[in-house]
Every structure is written in structure tokens, then in C-alpha cells.
Amino acid sequence: MIELGILGAAAVGWPAQPEPRPVRDLLKQVCPRAPRRVNRYIELALLGAWQCAAGRALQTDCALWLGSGRGYAGDTANLLESVLIRGEAPMPVEFINVSGNAAGFYVAQLLGLSGRNSTIAAGPASFEAALVLAAAGVAARGGQALVGGVDECAYPLAHHRVRLGLGEEAVVGEGSSWLLLAAGQEECEARLRLHRPVDNPKAVFAGDGETWLSVGSGIDAAARRELLADWRGGVFDTSAESGAYDSNAGFTLARFVASKPGRRLVHVSAESAGRYRLIEVEVG
Amino acid sequence: MTSPLRFLGAGLVCAAGDDPAAVAAKLRAGVPAPVELTLPDLGLGGRFLYYPTAFPAGTERALRLAEAAAADALARSGLSAEQRGRTALFLGSSSMDVASAECWLHDRPQAQAVLFGQLGGGGLAAAVAARLGLGGGSYGFSAACSSAVTALLAAADLVACGEIEHALVVGVETYNQISLQGFNSLMLLSGSGCRPFSACRDGMVLGEGAAACVIGRGDGGWRLLGGANRSDTGNVTRSSSAGMIDTMTEALARAGVAPERIAAVKAHGTGTAANDEAEGQALRAVFGDALPPVSSLKPMLGYTLGASGLLELVAWMACVDAGFLPPTPGFGAVDPDAGISPLTAAQPAGAGAYLLNCFGFGGNNTALVVDRD
């Protein structure tokens, strides 16, 4: 098990609207130094990261881990159509802005970070994957890590639903939620414990009145029902608030830290076939 | 005291071949061998790519390249089926499955690209893990040209802290028009060949391939002594010499290796004006007057973008295993701003550790320190 302190959290996310929400306007309201000539996905990453870091002393070598299931899906699709269907040569800035780690670059630049910088994709467990790797990095090397889960909707929204395999009734969403982690911190907002993967998560946590449960979006409906059966604690479900997207576990964990509805949250994530990762957050 | 992390098995598929020893033999000869691209018309006459001929173009090209290299690495590692079931996969790529999306669109010109379901996910890593029976989780890394080396360092941390016993690290890059035309738009492609550190260099030659290695605890062979990954946020497309110095210095410090113990440097050496100048200045700052032999493998392997760091590591280890340091073919006159004269002929590999650089867009700088005992 890896145990770290959570120094800060920011939960930014919303259910998708028929037209793209103007992220740049939101960013300019909170951040006076928003870079120009970046795409909406990068702006979304900056919006959450800035709010997580605001007012906190980040070490310059703080590691940056960005988990995203779909990355710059909209811009990449536009670039593909531009080049392959319309035969247009890409503009340099269009190409640069869909480099896998461009968002990480601009977050590091905005926050003055010079440590390691990684962008991770692991499907519907992308935030959890980034969190595991960030925690291992801090455990192995010390220091701090800023961990984000960032995904945006691609428009038109009907296409986005088709691509995600979601029906009309599903609430799709987008967001940029972040946790700031550190080793050996006595004064922190919450403590994070990453348990080793297990076959049967219910054998680890039976549930009690003070423990809340959240279920990762990579877990199918049948396994979710099985996990929730006989659970005696609360269920912390933020899907109506954030909508569904690959890295929305970041929103769930950050919201729990910020809102503190209970003492402890156990988040269950699908690690691999038949294996589960338990992520425990304890506040107070 | 825990034993150091080791490379337990490696494999590669690239323009120079699909067997490490055979690739080493070609690198020893040092004859650049550009292969004219015969895939779809690029409208970029005179530029060349390297590609392995054993795999067809198609929607599974990246998967098949990655699987081939990974299967060889697993076989050479000697991991049992039970150990494989607990092994995690770390896959780094710059373009991931963009080539597949291009093929999908090519066959459906009226479709919207956003409907290509796999675009941007971690599906490629999960698919490789599933094909090889790996059950310890899968992670896709996208850090431009340092993707695979970033994946290697993350895998090493997960093994080091006891979360997993073994990791399979894969780097893969396949031909795709977005990468080719994107780098062309930045005027970074050479029409005449890759000549790292030469005064007459005029750009990079894109390559294609995959590499894989299994890391874990073990006895004998190659060790991963340390490494560093750092952000250089001055310019999104150009790493600075200061950032490179910091990265190499941190890697050496984490490895516990003084610069004078470095037997040779595998440079990033892209053949572009900006990279080679900055890297040359950084190498001279780190090593001073005692600069060890320097070489770049990109004239032979092409610039395989997100796979390059791992592909060049596997090829470099194969060369040293064969007893030599590989040359940098095509080198002309020294560029005084870079100040580096890379090896122009193979020379015997001496004792010591090796520093391997890999820098990418987004200021993603990495350096590794490895040795063999």
C-alpha cells in the first residue's frame, strides 16, 4: 500500500451542453495569465490545474501527471478530416496543439513546474492510472505530484455519444479535476491510500456508517450492482454533477476532498480483467 | 539492500531489421540506408522514411509492430505464464492509433473522424496487453518523442516501490500522414538524409518501428541505474540547452554515476538545427573537456518519434553486447555552435556506464543511465 497526503483538490466538471461551454472565458475569470493560441482541451486542463494550485506552495520539481481517456479528441478529428479528406496541409499550431503532452506543457509553464511531466491514457480508468503512477513516483523519488483527470466532449455531441457508445439518455460530461499529492505531509486536507489490486474488493471493505463508496466508470453494470449489494455506507455518485467521461474519477475524489460529506471514501476502479484497485481517501 | 532494476529481455522491429543482433551488425557497418516510402502518395517527393517491410499498411499496423517487438522481449525475458499474468504493460507512442484512424477514414471518406471510436484512448496498450496475456494493468503514455522513455521511467518506479514485479515497456510509432505533414509544416524534415551535429544538417528523417523490454529484479546483464524526466517550458517545440543540462545532471545524480564514469553517450541527435545545437552545448557543459564518445542512431533507424528513446536504447545495448559503439553515418564538418564530432566509425565499447538522451516536444526531456555487469 502507498500512503500519501493530499494537499489540495479542485473539482471542475459539468454535464455537456448542446454547444461547447466557453472554457476560455471561465479560465480568464480565474487565471490572469492564460496562454494564447491553445485549444479548448488545453484551456480546460489549465482551468482545473490553476484552481488546484492556487494559493499553494508547489515545489518547482513537482511532478505533473495528466490522465485522459480521449485527449484532444475533437481537434485531432478535425485535423484528420482537414488533412485526409479536404487535402489541406496542417497549420503548425494545429499540429503542435495535438501533441500528446501539449496540455501538460502549458500547465507546467503556467505553474512554473520543471519536474517530470507525463500524460497517461488508460480508457475509463485514466485518472486512476495517473494517480497510481504519480503515487509510485512520489513513493520512489519523494517530492510532490499534481495529478489531473481531463477530458472534453467533441462536438457535435451526437457524434460524441456514438463514439463513446452511449445512448441518448446518458449524461455525458467533461471536466478537469486535480489533486496535489505529497509524501510525509502531516498537515494536509486528506490522506490517500492506494491498495494493491485485489480480486474481491468487498473482502477489504465491508462498509460502515462513516465510509462512502464510489465505483469507477470502467466497471460494468453487473459488477457495480454486486459491489453495491449489502453496502452499508453511503454511495458517493457525482455522475449527475459532472456527467460521464473517462477520467471523471478525478472529479469524484476531488469533490469528496472539497465537500467532505463523510470521513472516508473508498473508490473502486477496474485494474485489469477481474482485478480491482481500491483507492481510499480519508479527510479530517 | 534491494537489487537494481534490470533489462530482462528486449526486442525490436525497425528499418534495420527485427533482431537486436542483426540490427547491431547493420549499425556497425554505418551505412545510412534510406528506404523510399511506398505507402500512400505523400506529395512530398524527395523525402524518405524508413519502414519495416514485414508488416502491411492497415488498421492494425501499430498493434502488430508493438506485438512483434513485445513478444520477442517476453520470450527473451524467460517470464513464466504466471509471471506474465501479473506483469503490467507500459506503452509509449507519439501517434498511438492515428494511423488506424487514417485508414478508417480513407475507407469512409464521407464519415466524420470523430466517430472513429478508438481515437485518443488507451486502447492500443490494452490490446497489446490482452494479446500477450499480461494481467497487471496497461498504461498508454503520450509525451511526444520521449513517450516510450517516459513510460520506462514510470514502470521503473512501479517496480521499485513493489507494486509490480515486472513491467513490459513498449514504444511504437507507425507511418501516418498527420505526423509527416505536421513535421513538414514545421520545416523540420530533411530531403537529403539525417546528419546529426553536422554543419550541413538540414533536418530529420522520420522512421517507423517498435521496441520493447522487460524490466524487473534479476542477476547479470543490463541495469537501469537511473534516469530523469523534466519539463522545459521555454518553448513547446524546442528544448533548451539549460533544460537538457538539468535533465542529464539529474539522471547522473539519480544513478549515482559521475560524468567521468560515462563510457559513451547515445545522443538524441535529430539532425535538426535547433536540437543538435542545444544538445551539443549541453553535452559540453555536463562533460567539459572530458566528453566521451557520442553517437546518434537516427541516420540508420530514422526518427521513430515516440518509440525512439526505447528503440535506440535496445539497439544501443545490442551494439555494446556485440562489443562496439555504433557510428553516426553521414557526418560532415563540425558545426561550431554544436561543437560535437560524433563517432564516424564503430569503435570498441569500453567499460563503464552509458548516458542516453531523448528529448521531445512539450519540453519533455529525458535521460537514462545504464550499464552492464
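Is A:Arg24 buried, partly exposed or exposed? Select A:Arg24 and take a look: the residue is partly exposed, with a relative accessible area of 25%. Keep in mind as you go that this is a predicted model.

**Stop 1: from helix 1 to helix 2 of chain A**

A:Arg24 sits in helix 1 (residues 23-30) and A:Glu43 in helix 2 (residues 40-53), so the pair ties together parts of chain A that are 19 residues apart in sequence. A:Glu43 counts as buried because its relative accessibility is 7%, under the 20% cut-off.

**Stop 2: A:Arg40 and its partner**

Stay on helix 2 of chain A and select A:Arg40, then A:Glu152. Their side chains meet in a salt bridge, 3.5 Å from N to O. This pair links distant parts of the chain, 112 residues apart: A:Arg40 is in helix 2, while A:Glu152 is in the loop between strand 5 (144-151) and helix 7 (157-164) of chain A. Both ends are covered: A:Arg40 is buried at 17% relative accessibility, and A:Glu152 is buried at 6%.

**Stop 3: two loops of chain A**

Next, pick A:Arg70 and A:Asp246. Here the side chains meet in a salt bridge at 2.8 Å, N to O. A:Arg70 belongs to the loop between strand 3 (63-67) and helix 3 (73-85), and A:Asp246 to the loop between helix 9 (239-242) and helix 10 (249-259); 176 residues separate them. Are these two residues buried or exposed? Both A:Arg70 and A:Asp246 are buried.

Over all chains, the count comes to 39 salt bridges.

**Stop 4: where chain B meets chain A**

Now colour the two chains separately and turn to the interface. In it, 59 residues of chain B are in contact with 55 residues of chain A. The area buried between the chains is about 4700 Å², with carbon and sulfur atoms giving 60% of that.

How many salt bridges are there between chain B and chain A? The count is 4. To see a salt bridge between the chains, select A:Arg277 and B:Glu163, whose side chains meet at 2.7 Å, N to O. Polar contacts across the interface come to 17 residue pairs. Which part of chain B gives the most to the side that touches chain A? Helix 7 of chain B does, with 7 residues. By class, that side of chain B has 24 nonpolar, 28 polar and 7 charged residues.

Before moving on, show strand 4 (residues 117-121) of chain A beside strand 3 of chain B. The two strands run antiparallel and are joined by 2 bridges. Click on A:Ile120 and you will find its bridge partner, B:Phe141, in strand 3 of chain B.

**Stop 5: helix 7 of chain B**

Finish by selecting helix 7 of chain B. This helix is mostly covered, with 8 of its 9 residues buried; among them are B:Ile178, B:Leu180 and B:Phe183. The buried residues pack against helix 3 and helix 4 (92-96) of chain A, together with helix 4 of chain B.

Zoom in on the start of the helix, where a side-chain oxygen of B:Asn176 reaches to within 3.3 Å of the backbone nitrogen of B:Ile178. Then follow the chain past the helix to B:Met187, whose phi is positive, near 55 degrees.

Terms used:
Residues are numbered from 1 along each chain as its sequence is written. Chains are lettered from A and ligands numbered from 1 in the order in which they are written. This is a predicted model: local features need pLDDT of at least 70, side-chain atom pairs count only at pLDDT 80 or more; totals for chains, interfaces and linings use all residues. Side-chain values use heavy atoms; hydrogens and water are left out. Helices (H or I, at least four residues) and strands (E, at least two) are DSSP runs, numbered from the N terminus. Buried means under 20% relative accessible area, exposed over 50%, partly exposed in between (1.4 Å probe, protein chains only). Contact means heavy atoms within 4.5 Å. Buried area is the accessible area (1.4 Å probe) that two parts lose on being put together, summed over both. A polar contact is a pair of N or O atoms within 3.5 Å; within protein, one must be able to donate a hydrogen and the other to accept it, and residues adjacent in sequence count only if both atoms are side-chain atoms. Ala, Val, Leu, Ile, Met, Phe, Trp, Tyr, Cys and Pro count as nonpolar, Asp, Glu, Lys and Arg as charged, and the others, Gly among them, as polar. Two strands pair if DSSP finds at least two bridges between them.
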